[in-house]
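Here is a short briefing for a reader meeting this structure for the first time. Please keep the sequence and the model side by side as you read.

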Amino acid sequence: MNTVWIVDDDRSIRWVLEKALGREDIPHRSFSSANEALSALEIEPVPPKVLISDIRMPGESGLGLLKRVKTLHPQLPVIIMTAYSDLESAVSAFQGGAFEYLPKPFDVDQAVALVQRAIAQSSHQKGASESTALAPEILGQAPAMQEVFRAIGRLAQSHATVLINGESGTGKELVARALHRHSPRADAPFIAINTAAIPRDLLESELFGHERGAFTGAAAQRRGRFEQADGGTLFLDEIGDMPAELQTRLLRVLSDNHFYRVGGQQPIRANVRVIAATHQNLEDRVRQGLFREDLFHRLNVIRLRLPPMRERREDIPLLVGHFLQKSAQDLGVAPKRVSDAAIKYLQALPFPGNVRQLENLCHWLTVMAPGQVVEIADLPPDMKAQPDREAPISWADGLALEADRLIATSPGEVFDRLTRDFERTLIRRALGATGGRRIEAAQLLGIGRNTITRKIQELGMDEERPAAPPT
């Protein structure tokens with residue numbers, strides 16, 4: 001009996017998974033196309049325990065395979081993997097009944113652990129639904145964004161309250177709209193309100209509406225945002241700044257699904273899914289007495305954290321290309337391209353305004369950059385005036401950038417090359433600090449003297465003169 005079936009047109013991916021599964025004594029079988037796997041599935045008396053499939057392949061796609069498999073064997077766990085990491089793929093995979101979504105490149109050990117979990121836990125999956133070919137509304141290949149995509153996919157059939165945390169400009173409303181669009185309420189209204197942008201005196205009426213004559217100037221009855229969002233989703237942005245008295249009213253709505261218009265006597269039922277967002281730490285606000293603890297727990301049913309740009313620098317080339325294309329379409333001009341040197345420069349900047357700041361920059365470049373290829377010199381003056389940003393702001397960021405470069409240029413050599421560079425740098429600095437005395441250098445590094453001697457030989461450092469000690 002074949003325990004795991006691997007479906008991918010990339011022979012190297014099949015080989016890696018075959019070797020990894022073989023080391024764990026997990027029986028497996030490989031196919032180069034979805035059609036080949038489907039043919040085998042129809043004639044095999046016993047289906048596999050787990051199926052791993054790529055999405056984009058010649059002929060039938062992985063999502064098409066997922067749909068057919070779920071029709072024939074609803075309880076068969078299917079792991080979908082793809083190098084094209086976007087929200088639509090993740091949501092389509094989960095809506096189609098996928099057990100898990102695995103973006104490439106993946107860690108082999110994690111992939112094997114996922115397969116073992118799928119074997120041990122064969123959960124019932126819902127039938128697949130064909131995805132709509134729409135442009136991805138959220139872009140991102142960084143691991144932190146993949147977690148966001150997974151969460152949206154898992155919440156696709158849910159009505160649960162969601163709390164979104166993220167710095168300004170990370171795309172909280174975009175995620176809220178995606179949650180609504182991929183929910184059972186997609187055909188009902190999505191109403192967004194920034195609770196920090198509306199004066200305190202007007203916010204209650206804005207949320208709950210008012211009756212005629214309820215206060216000076218209330219010449220007619222007005223439906224509030226909760227009524228407007230009936231059957232759909234209400235997005236409350238910057239919830240952390242909501243006044244205390246309105247926090248109490250919101251808690252009551254979330255508790256019993258009823259509210260009163262300002263000046264009203266009749267309760268109104270609210271069939272509304274609430275998605276809240278804030279850039280603040282609500283736990284700290286609760287401790288400071290600025291936010292109700294019971295309301296916090298009502299909102300904090302499902303929490304999503306959106307990563308800032310500094311945690312997803314590898315997404316900058318993708319986002320820059322997208323925003324330049326969008327700005328060019330809006331202005332009716334040819335899209336511009338950013339040079340590799342300028343991209344690396346941008347990846348080293350802090351971007352406190354996050355994705356919104358990057359989008360504004362791309363619009364500025366579309367209008368102001370003189371040529372079709374944007375160089376560092378073409379960037380806005382305030383960005384070029386920043387202190388030395390040629391190197392990333394931390395060694396970990398630098399390591400991430402170098403790893404990305406080697407993955408693209410030297411696949412199969414990345415771990416060995418970076419490990420050797422890392423060890424060589426540590427030993428050089430320690431020897432420089434001790435004037436070349438190996439035993440003391442080993443003590444500084446916290447390794448044995450035999451280890452440092454062996455490493456020096458392995459790394460070919462015997463003939464090197466120690467660097468000058470740091471001043």
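Which residues do ring pairs link into a cluster? They are F208, F226 and F259. The model is predicted.

**The whole chain**

- The protein chain has 20 helices and 14 strands.
- Of its 471 residues, 45% are buried.
- Take the contacts with a separation of 6 or more: 70% of them are between residues 24 or more positions apart.
- The accessible surface is about 23900 Å². Carbon and sulfur atoms hold 50% of that surface.

**The sheet with β1 to β5**

- This is an open sheet of five strands, paired in parallel, in the order β2-β1-β3-β4-β5.
- β2 and β5 (100-103) are the edge strands. Each has a single partner strand, so one side of each lacks a neighbour in the sheet.
- On average, neighbouring strands here are turned by 20° against each other, direction ignored.
- Helix α1 (residues 11-23) packs on the sheet and touches β1, β2, β3 and β4. The direction of α1 makes about 175° with that of β2.

**Strand β3 in that sheet**

- Strand β3 covers residues 50-54, and five of its five residues are buried.
- V50, I52 and D54 point one way from β3, while L51 and S53 point the other way.
- β3 pairs with β1 in the parallel sense over four bridges. V4 has V50 of β3 as its bridge partner.
- W5 stands opposite L51 in β3.
- β3 also runs parallel to strand β4 (residues 78-82), and four bridges join the two. D54 has M81 of β4 as its bridge partner.

**The sheet with β6, β7, β8, β11 and β12**

- This open sheet has five strands in the order β7-β8-β11-β6-β12, with parallel pairing.
- The edge strands are β7 (190-194) and β12 (302-305), and each pairs on one side only.
- Neighbouring strands of this sheet are turned by 20° on average, direction ignored.
- Strand β6 (residues 162-165) pairs with strand β11 (residues 273-278) over four parallel bridges. I164 has A277 of β11 as its bridge partner.
- Helix α7 (residues 172-181) packs on this sheet. α7 touches β6, β7, β8 (233-237), β11 and β12. The direction of α7 makes about 155° with that of β6.

**Aromatic pairs**

- How many aromatic pairs does a search of the whole structure find? There are five.
- The rings of W5 and F31 have centres 4.9 Å apart. Their planes stand at 55°, so this pair is tilted.
- W5 is in strand β1 (residues 4-7) and F31 is in strand β2 (residues 28-31). The pair therefore ties together parts 26 residues apart in sequence.
- Are W5 and F31 buried or exposed? Both are buried.
- F190 and F235 form a stacked pair, with 6.3 Å centre to centre and 20° between the planes.
- F190 sits in strand β7 and F235 in strand β8. This pair links distant parts of the chain, 45 residues apart.
- Why does F235 count as buried? Its relative accessibility is 1%, and buried means under 20%.
- F190, with a relative accessible area of 15%, is also buried.

**Charges over rings**

- R29 lies over the face of W5, 5.5 Å from the ring centre.
- The charged end of R249 sits over the ring of F208, at 4.1 Å from its centre. F208 is one of the residues in the ring cluster.

**A buried arginine**

- R424 lies in helix α18 (residues 414-434).
- The relative accessible area of R424 is 16%, so R424 is buried.
- Which residues does R424 touch, not counting those up to four places away in sequence? They are L459 and M461.

Technical notes
Residues numbered from 1 in each chain as written. Predicted model: local features only at pLDDT ≥ 70, side-chain atom pairs only at ≥ 80, totals over all residues. Heavy atoms only, no water. Buried < 20%, exposed > 50% of the residue type's maximum accessible area, 1.4 Å probe, protein only. Contact = heavy atoms within 4.5 Å. Areas by Shrake-Rupley, 256 points an atom, 1.4 Å probe, with all protein chains shown as cover. Pairing = 2+ DSSP bridges. Axes fitted to C-alpha atoms, helices over the stretch in contact; angles between N-to-C directions. Phe/Tyr/Trp six-rings, centres within 6.5 Å; stacked < 30°, edge-to-face > 60°. Lys NZ or Arg CZ within 6 Å of the ring centre and 35° of its normal.
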